[in-house]
Amino acid sequence: MSDLDAILALTPTGPGQFRAEVPDGWQQGRGAFGGLVIALLVRAAAAAAADPTRPLRSLGAELCGPTQPGPADLFVDALRTGTGVTTLAVRLVQAGEVQAHAVAVHARTRDAGLQWTELRPPEFTAPSELPLGTPEEAPVFAQHCEFRPVHAPLFTGGDEARAEGWFRFKRPPSVRDAAYLAMLCDGWWPAVFSRLTSPRPTATLTYTLQPLADVAQLDPAQPVYHRARAVAMRAGYSVEFRELWSPAGELLALNQQTFAVIR
């Protein structure tokens, strides 16, 4: 069992209630790595839905405050269960305060033959041809990750806010599910770093996820390809679109985040 298997394990404490243990060593600024917090919300929603025929189709989350190392309680409320869609609200609570919450939409397959992808896959450079590249200013959780970037240098005041490259966790979980996908989408640094002229603290405020593939079949030893661009910055808030691709060129997920760039 890898570290992530233990970290993402939930203990039921009541109907729609779970306890998680947020680890030390996975911080991103003042709180835990946002992808880890989102993954716990995803796992709690899936456990409460308890229906493998209705996988996660979409998730919208807000990170209200910094989740600290230590115990965290998760509460899931079913907003509605229909003939094809289950909608759940999830919140993560520490010391009586909501630090994160999400609405998760689980739904059955409608038409397995109706599918396409209009986004053009990246032109891959093989990961073996790219060196490892972790920024000196990387947060604590980055020690658990491998980055192979193929974008412009950071903090050089470039004319394009983008981020691109191969990413993997050094010790991926044995269970590769939507929670794992949520972590993969959040592993890379904000694309706006390419346009800034010096390091600045950032924090995810909002996070949306659309899983588009069955990640259970992914080879955990292989990285995934991250492609992102920050499309607008206003008043210190950056809006970023992210794509996650398999080494075979399959679109795995879409992710949108709003980052606060802190003074």
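In this predicted model, both Phe147 and Trp188 are buried. Their rings have centres 5.4 Å apart and planes at 80°, and because an angle over 60 degrees is the criterion for that class, the pair is described as edge-to-face. The two residues come from distant parts of the chain, since Phe147 belongs to strand 9 (residues 145–149), while Trp188 is placed in the loop between helix 3 (178–186) and strand 11 (202–211), at a separation of 41 residues. Phe147 and Trp188 also belong to one aromatic cluster, whose other members are Trp26, Phe33, Phe141, Phe167, Phe169 and Trp189. In total, 12 aromatic pairs are found in the structure.

A further edge-to-face pair is made by Trp166 and Tyr225, whose ring centres lie 4.9 Å apart with the planes at 80°. Trp166 is part of strand 10 (residues 162–169) and Tyr225 is part of strand 12 (residues 224–234), so this pair ties together parts of the chain that are 59 residues apart in sequence. Trp166 has a relative accessibility of 3% and therefore counts as buried, and Tyr225, with a relative accessible area of 2%, is buried as well.

The strands that carry Trp166 and Tyr225 are themselves paired, for strand 10 and strand 12 run in the antiparallel sense over six bridges. Within this part of the structure, Glu164 is placed opposite Arg227 of strand 12. Strand 12 also pairs with strand 13 (residues 237–245), again in the antiparallel sense, and here the pairing extends over nine bridges. One of the positions involved is Met233, which has Ser238 in strand 13 as its bridge partner. Strand 12 and strand 13 together form a hairpin with two residues between them, and in the turn Ala235 has a positive phi of about 55°.

Attention may now be turned to a loop residue. Gln68 is located in the loop between strand 5 (56–63) and strand 6 (70–81), and its relative accessibility of 34% is the reason why Gln68 counts as partly exposed. When neighbours within four places in sequence are left aside, the residues in contact with Gln68 are Val22, Arg30, Gly31 and Gln94. The side chain of Gln68 additionally reaches the backbone oxygen of Pro66, at 3.4 Å.

Definitions and conventions: Residues are numbered from 1 along each chain as its sequence is written. This is a predicted model: local features need pLDDT of at least 70, side-chain atom pairs count only at pLDDT 80 or more; totals for chains, interfaces and linings use all residues. Side-chain values use heavy atoms; hydrogens and water are left out. Rings of Phe, Tyr and Trp (its six-membered ring) pair if their centres lie within 6.5 Å; planes under 30 degrees apart count as stacked, over 60 as edge-to-face and the rest as tilted. Helices (H or I, at least four residues) and strands (E, at least two) are DSSP runs, numbered from the N terminus. Buried means under 20% relative accessible area, exposed over 50%, partly exposed in between (1.4 Å probe, protein chains only). Contact means heavy atoms within 4.5 Å. A polar contact is a pair of N or O atoms within 3.5 Å; within protein, one must be able to donate a hydrogen and the other to accept it, and residues adjacent in sequence count only if both atoms are side-chain atoms. Two strands pair if DSSP finds at least two bridges between them.
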